[in-house]
Amino acid sequence: MTQRLRLAGQVAAVLVVAALLGLLGWKLMQDESAVTSELDQGGSPAAPAFTLERLDGKGELALASLRGKTVVLNFWASWCGPCKDETPLLQEGWKRWQGKDVVFVGIDVKDFRGDAKDFLARYGVTYANVYDGKGSTVGRYGVTGFPETYFVDASGKVRYRIAGPVEDAAELDAGIKRALAPA
Amino acid sequence: MRAAALALIALALAASAGAGEQRPTAAELESELVCPVCETTLDTSNAPVALRMKAFIRERIAAGDTKSEIKAALVDQFGPSVLAVPPKKGFELIAWVLPLAGLAVGLVVVGLLAWRWSHTRRGDDEPPDDRGEPLDPALERRLDDELARFEP
């Protein structure tokens with residue numbers, strides 16, 4: 001009886017430790033910037049899927065719905081200083097690339113909805129923008145700061161990333177061309 | 001007259017009890033909410049988003065919002081992770097239950113070990129059984145002699 005109790009205790013202890021290790025692993029996987037690390041190693045990781053509320057009030061936008069187009073994915077927030085400098089450049093880029101199977105999508109992260117809408121109105125942004133107040137996409141993409149821009153090709157693979165603000169039109173166009181180039 | 005006085009006192013108590021909820025201070029809210037970028041409480045953060053949240057809290061206090069209304073508004077924008085203390089529901093309940101469960105399991109384990117230890121010790125300390133083998137008469141005589149030497 002005592003032997004059985006001891007065995008049950010040992011099994012329970014092992015299960016608890018395994019469960020805690022599993023929880024730790026799951027948390028690390030959530031935080032793991034798989035996209036960033038794979039890009040840094042020269043790979044083309046699949047862009048993590050998302051479905052988020054549009055800031056223009058037209059329902060939700062799913063990344064999957066843009067399959068077949070090149071997507072310029074820009075992470076930003078209204079409180080982020082460099083985002084203010086970068087946004088006019090992105091808006092100009094959107095005008096240049098619109099109608100060429102290239103789509104611009106802004107992801108407003110960890111921000112107030114109202115502030116984000118004011119920001120978009122102030123800078124006259126016409127490309128699609130979604131709201132991710134909880135920052136659920138940040139960890140999955142491996143965003144290291146704001147702003148940060150990812151270039152996703154037509155097959156849904158991330159081909160390039162610009163950490164920090166896009167400096168000029170040439171840098172933006174170079175990123176788009178990398179995503180348009182055959183894999 | 002007495003009933004009226006009691007009613008007045010009850011009214012005053014209810015009003016003062018509700019005052020904490022109705023009139024939160026910015027300082028108490030800032031210590032109970034977390035900056036979503038730097039993940040420290042707002043009162044220790046000067047990150048741009050934290051400053052914006054502090055301004056929002058002051059605006060809502062001035063507008064007469066209660067503490068729970070302000071917290072709910074921030075959770076709606078940034079998610080439950082802005083709360084320094086996790087809510088006692090849903091997945092966050094684990095944060096409350098797990099330490100208590102651990103404590104309970106620890107107490108049970110300690111109790112079981114103490115019970116086992118005390119039983120083992122009792123067996124060691126038990127006096128020799130009187131019903132065992134009788135002492136050798138020579139040895140018993142010697143023992144009596146020895147004991148007699150110490151008696152006054």
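Author: Chain B has 6 helices and 0 strands, so going by the definition of these elements as DSSP runs, the order from the N terminus reads α-α-α-α-α-α. Bear in mind that this is a predicted model. Of the 152 residues in chain B, 18% are buried. The accessible surface of chain B comes to about 11400 Å², and carbon and sulfur atoms hold 64% of that. As for how the chain folds back on itself, take the contacts in chain B between residues at least 6 apart in sequence: 47% of them join residues at least 24 apart.

B:Glu30 counts as buried because its relative accessibility is 8%, under the 20% cut-off, while B:Arg58 is partly exposed at 45%.

B:Arg149 is exposed, with a relative accessible area of 62%, and B:Glu146 is partly exposed at 33%. There's also a network: B:Glu28, B:Glu32, B:Lys67 and B:Lys71 are joined by salt bridges that share partners. Over all chains, the salt bridges come to 14.

Now for the meeting with chain A. The contact draws 13 residues from chain B and 11 residues from chain A. Together the two chains bury about 1200 Å², with 62% of it on carbon and sulfur atoms. On the chain B side, B:Arg52, B:Gln77 and B:Phe78 stand out: they supply 42% of the area that chain B buries against chain A, more than any other three residues.

Side chains of opposite charge can pair when their charged atoms come close. Between chain B and chain A there are 2 salt bridges, and one of them runs from B:Asp76 to A:Arg113, with the closest N and O atoms 3.5 Å apart. Across the interface, 4 residue pairs are in polar contact. Helix 3 (48-62) and helix 4 (67-78) of chain B each supply at least two residues of the side that touches chain A. Helix 3 gives the most, with 5 residues. By class, that side of chain B has 8 nonpolar, 2 polar and 3 charged residues.

A:Asp115 lies in helix 4 (residues 113-122) of chain A. Leaving aside neighbours within four places in sequence, A:Asp115 is in contact with A:Ser78 and B:Arg52. A:Asp115 counts as buried, at 17% relative accessibility. So B:Arg52, one of the three residues that supply 42% of chain B's buried area at this interface, has a buried residue of chain A among its contacts.

Notes:
Residues numbered from 1 in each chain as written. Chains lettered and ligands numbered in written order. Predicted model: local features only at pLDDT ≥ 70, side-chain atom pairs only at ≥ 80, totals over all residues. Heavy atoms only, no water. Contact = heavy atoms within 4.5 Å. Buried area = accessible area lost by both parts, 1.4 Å probe. Salt bridge = Lys/Arg side-chain N within 4 Å of Asp/Glu carboxyl O. Polar contact = N/O pair within 3.5 Å; in protein donor to acceptor, adjacent residues only side chain to side chain. Helix = DSSP H or I, 4+ residues; strand = E, 2+ residues; numbered from the N terminus. Nonpolar A, V, L, I, M, F, W, Y, C, P; charged D, E, K, R; others polar. Buried < 20%, exposed > 50% of the residue type's maximum accessible area, 1.4 Å probe, protein only. Areas by Shrake-Rupley, 256 points an atom, 1.4 Å probe, with all protein chains shown as cover.
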